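Could you walk me through this model in my viewer? I would like to know what to select next and what is there.

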Amino acid sequence: MMDIVQLNCQRSVPVMLDLSVRLCELNCSIALLQEPYFAHGGVRGLPASMRVYADKKGESCVVIVDVNLSCVVVSESEYGVCVCVEGPLGRLLVASSYCRLSCGLEPYIEFWERLLYIADSTPLLLAADANACSPLWFSKTSSVRRRPNRIRGEMLAEWVISNR
């Protein structure tokens with residue numbers, strides 16, 4: 001079995017240090033992170049035994065914890081990173097993206113569309129913090145302050161439903 005977790009780390013060193021311990025304790029195989037602590041050109045706070053594949057801005061990454069998994073980067077851009085992982089259960093593409101609220105969703109959706117094309121018949125797991133609210137993923141949508149998040153949520157929900 002391959003256990004996969006997704007987490008927004010809020011660019012926090014303590015979160016990253018705690019995460020490295022928790023991933024091992026929980027026997028997780030893969031972590032899909034948004035807003036990891038990124039400094040001096042790389043994700044920091046994780047042990048060297050964990051393979052980390054970050055996007056070009058250091059805003060999201062795929063962390064391979066299980067040493068028995070083989071992996072190769074499929075796509076890496078400022079909009080996310082995608083890694084092909086192969087192990088006892090077969091092949092899987094895993095991707096992580098962090099969508100800044102100050103940036104429109106369109107370039108991220110274009111990146112995800114390319115991943116769907118690349119994946120073809122290979123299963124693709126996409127984890128994203130899209131800064132988007134929607135009842136489709138049980139987020140709260142009542143706050144007036146979150147109007148941009150609701151608009152993004154509607155756009156993203158349409159995309160998700162059309163790509164089932």
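Start by selecting arginine 11, which is partly exposed, with a relative accessible area of 33%. Keep in mind as you go that this is a predicted model. Arginine 11 belongs to the loop between β1 (4–8) and α1 (13–25). Check its backbone: phi is positive, about 55°, although arginine 11 is not a glycine. For background, most residues other than glycine have a negative phi.

Next, move to asparagine 27, in the loop between α1 and β2 (30–34). Here too phi is positive in a residue other than glycine, with a value near 60°. Is asparagine 27 buried or exposed? It counts as exposed, because its relative accessibility is 60% and the cut-off for exposed is over 50%.

Now turn to the largest pocket, which holds about 420 Å³ of space.

To find the middle of the pocket, select Leu126, Ala127, Ala128, Trp159 and Val160, which lie nearest its centre among the 21 lining residues. Finally, colour the lining by residue type: 16 residues are nonpolar, three are polar and two are charged.

How values were computed: Residues are numbered from 1 along each chain as its sequence is written. This is a predicted model: local features need pLDDT of at least 70, side-chain atom pairs count only at pLDDT 80 or more; totals for chains, interfaces and linings use all residues. Side-chain values use heavy atoms; hydrogens and water are left out. On a 1 Å grid over the protein atoms alone, a cavity is a set of points where a 1.4 Å probe fits but cannot get out, and a pocket is an open set with protein on both sides within 12 Å along at least five of seven lines; lining residues have an atom within 4 Å of a point. Grid points are joined across faces, edges and corners, and a volume is the space filled by probe spheres set on the points. Ala, Val, Leu, Ile, Met, Phe, Trp, Tyr, Cys and Pro count as nonpolar, Asp, Glu, Lys and Arg as charged, and the others, Gly among them, as polar. Helices (H or I, at least four residues) and strands (E, at least two) are DSSP runs, numbered from the N terminus. Buried means under 20% relative accessible area, exposed over 50%, partly exposed in between (1.4 Å probe, protein chains only).
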